[in-house]
Amino acid sequence: MPAGVQELARRNLQMLALNETVDHLQGCATWGEAEAALEECVPEIFPQESGGLYLMSRERPLLEPLVVWGNPASPERSFSPESCQALRRGREFWTDTSHPTEQCDHYPSQPDLVDVCLSLRSQNRALGLLHLRVPADSDQSQDLKASVLRFAVNAAEQIAVTLSNIQLRETLHTQAIQDPLTGLYNRRFFNGALER
């Protein structure tokens, strides 16, 4: 099979995996369900790349690893959003020999790897980070900006919007059953509990 046809088949499989992931996320009712779905599905979206998906902690201003896959894998530790160029800039950031002075502090720089950071943002709020690693000497890294990067940006945008919707649903549900000042449950919660 010619290389172009193989690349198209691979991209088609990736698009199918992304669509299934987004469909699965849209069915999630809670943030915990979404985390479990992402942990299972994201490595399937990028089967030939190594990477990591990091989500903002709800308790502290840190990004925490949700899933790390591949070899060499992304670092499996929490880090500050300030240590990532993509989160600071609000758009994708990738490293190679064209700009060696700019680095993200959340992963160790390796000359044989191209690192791509994509912020998961929705409504100017950072929800997380998608980090991909590609060997610098592979054929894929030559076409990184045109092919992998375009698809990864699309995937990051779709995941971010879906996560934002889940957060909004959870917030609306909480506001519907709790008083915002006291935190006490209201009559709507009482009526639902009485019916159960």
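This is a predicted model: local features need pLDDT of at least 70, side-chain atom pairs count only at pLDDT 80 or more; totals for chains, interfaces and linings use all residues.
Modeller: Helices (H or I, at least four residues) and strands (E, at least two) are DSSP runs, numbered from the N terminus. Residues are numbered from 1 along each chain as its sequence is written, and side-chain values use heavy atoms, without hydrogens or water.

Colleague: What pattern does the chain follow along the sequence?

Modeller: The pattern reads α-α-β-β-α-β-β-β-α-α-α. That gives six helices and five strands. The C-alpha trace spans about 65 × 40 × 25 Å along its principal axes.

Colleague: Where in α2 does a kink lie?

Modeller: The kink is at E39, shortly before the proline P43, and amounts to about 30°. The bend at a residue is the angle between two fitted axes, one for the seven residues ending there and one for the seven starting there.

Colleague: Which residues of α2 are buried?

Modeller: W31, A34, A37, L38, C41, V42 and I45 are buried. The term means under 20% relative accessible area; exposed means over 50%, and partly exposed lies in between (1.4 Å probe, protein chains only). In general, an α-helix has 3.6 residues a turn, so residues three or four places apart point the same way.

Colleague: Why is V42 called buried?

Modeller: V42 has 1% relative accessibility, so the residue counts as buried. V42 is in contact with L53, W69, L130 and I159, leaving aside neighbours within four places in sequence. Contact means heavy atoms within 4.5 Å.

Colleague: Why is S50 called buried?

Modeller: The relative accessible area of S50 is 6%, so S50 is buried. S50 is found in strand β1, residues 50–56. Residues that S50 touches, beyond four places in sequence, include W69, N71, H131 and R133.

Colleague: What makes a polar contact of S50 and N71?

Modeller: The backbone nitrogen of N71 lies 2.9 Å from a polar atom of the S50 side chain. A polar contact is a pair of N or O atoms within 3.5 Å; within protein, one must be able to donate a hydrogen and the other to accept it, and residues adjacent in sequence count only if both atoms are side-chain atoms.

Colleague: How many aromatic pairs does a search of the whole structure find?

Modeller: The search finds three. Rings of Phe, Tyr and Trp (its six-membered ring) pair if their centres lie within 6.5 Å; planes under 30 degrees apart count as stacked, over 60 as edge-to-face and the rest as tilted.

Colleague: Why is the pair of F46 and F151 called edge-to-face?

Modeller: The ring centres of F46 and F151 are 5.7 Å apart and the planes stand at 65°, so the pair is edge-to-face. F46 is in the loop between α2 and β1 and F151 in helix α5 (residues 144–177), so the pair ties together parts 105 residues apart in sequence. Both F46 and F151 are buried.

Colleague: What are the centre distance and plane angle for Y54 and F79?

Modeller: Y54 and F79 give 5.1 Å centre to centre and 70° between the planes, an edge-to-face pair. Y54 sits in strand β1 and F79 in the loop between β2 (63–69) and α3 (85–89), 25 residues apart. Y54 and F79 are both buried.

Colleague: How many salt bridges does the count come to?

Modeller: Four. A salt bridge is a side-chain nitrogen of Lys or Arg within 4 Å of a carboxyl oxygen of Asp or Glu.

Colleague: What N to O distance joins E49 and R10?

Modeller: The salt bridge of E49 and R10 is 3.7 Å, N to O. R10 is in helix α1 (residues 3–26) and E49 in the loop between α2 and β1, 39 residues apart. Both E49 and R10 are buried.

Colleague: How do you know that D115 is buried?

Modeller: D115 has a relative accessible area of 1%. R133 counts as buried at 3%. The D115 and R133 side chains meet in a salt bridge of 2.6 Å, N to O. D115 lies in strand β4 (residues 113–122) and R133 in strand β5 (residues 125–135), so the pair ties together parts 18 residues apart in sequence.

Colleague: Why does R60 count as partly exposed?

Modeller: R60 has 43% relative accessibility, so R60 counts as partly exposed. E64 is partly exposed too, at 26%. The side chains of R60 and E64 meet in a salt bridge of 2.9 Å, N to O.
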